[in-house]
Amino acid sequence: MCRSASTWPHAFATENMRAADISEALLPTLSRQDIRDLFPGPEHFLRRKATWKLFHKEQEVQQAASPNQENGSNGRGLATVQVNPCVSETPRPSNPTPPQPDVQEILDPPRTCSYPTLNMLFILTVMDELRCILDRSNPDFISDLKTSWESFYGKAQFYGVFKKLLGPSTTQDKVTRSIAMMKALPEMFPSPVAPPKNLGHASEAMVHILEPTENPNTYLQRRPVFSPVLIICDSSCMLAIGSTPVITFPKENIDTAVLYLLAYYYTFHLTYPKCIATLLSVLQSEVQQDAIHDSYATSSYKKALSEWKKFIGE
């Protein structure tokens, strides 16, 4: 994956994953001790915490919902142990594969106070991890990142019209504009590698609109790429990695969804899918201000960036 030489925590973690022969698909099977061994040191505290929460969120929610079970039981005959996932020891479970939550229930969750609070916690955690990777000393990093995205988005609206990929947005609401932008972005900054045949359009590597009769579990299981994807339904959005749901948020907040996708690529050291690698590289350098190292600057990236700079007059 393309990164600047300055983002050494990511390079360190990726090197460790390769040395341990651990692929992205094996991340859900890791225990707390595995995660500590893979990402040691205090500088990787947030990374360990975010990695654990991604694949064990449902278990923590269940424990939080039943804090007063008698004899420390969590309701399933198992003792509930309060631990810090980043620094404490816990025994390995006999079956290390975490339970997979039902995606339909996540897309349409019960209206409780804890659910949106937890979702906000996960979003803040991953965005703060991105800050630690890119600009640890800047307390205004997230605000600056949003400003950078808004500036890029405004210019991309005209760029999409110029390339005949977007229509005039004067009559569209924010949600409709955002969805149209995400579907057009891979063609604005095209990659030379076509998407897998059973994926369809390259934009499906980052966003999917759920059909009324479509089962989200089935869609995620059949999806041919292991990458962060935004799933949009009638009233909410869900971000998933592989077949694992991560967060949900209201549909009206979709204008910041691209930032969440980028943050999860960094936090979990995920490789850019080849069919949208050029787009994600452009977003990395132009929105996140994380320069592409010369050894990773592909010809398609250079061409796309040159055309973009020429259009915006830089």
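**The sheet and its helices**

Four strands build an open sheet with mixed pairing, in the order S1-S2-S3-S4. Strands (E, at least two residues) and helices (H or I, at least four) are DSSP runs, numbered from the N terminus. Two strands pair if DSSP finds at least two bridges between them. S1 (207–209) and S4 (244–250) are the edge strands; each has a single partner, so one side of each lacks a neighbour in the sheet. From one strand to the next, the twist averages 25°.

This is a predicted model: local features need pLDDT of at least 70, side-chain atom pairs count only at pLDDT 80 or more, and totals for chains, interfaces and linings use all residues. Residues are numbered from 1 along each chain as its sequence is written, and side-chain values use heavy atoms, with hydrogens and water left out.

S1 pairs with S2 (residues 228–232) in the parallel sense, over three bridges. Ile209 has Ile232 of S2 as its bridge partner.

Two helices lie across the strands. H9 (residues 257–267) lies across S2, S3 (236–241) and S4, at about 150° to S2. Axes are lines fitted to C-alpha atoms, for helices over the stretch in contact (heavy atoms within 4.5 Å). Angles run from 0 to 180 degrees between N-to-C directions.

**Confidence**

pLDDT is the predictor's confidence in each residue, from 0 to 100. The protein's mean is 75, and 66% of its residues reach 70 or more. Over residues 64–118, pLDDT stays under 50.
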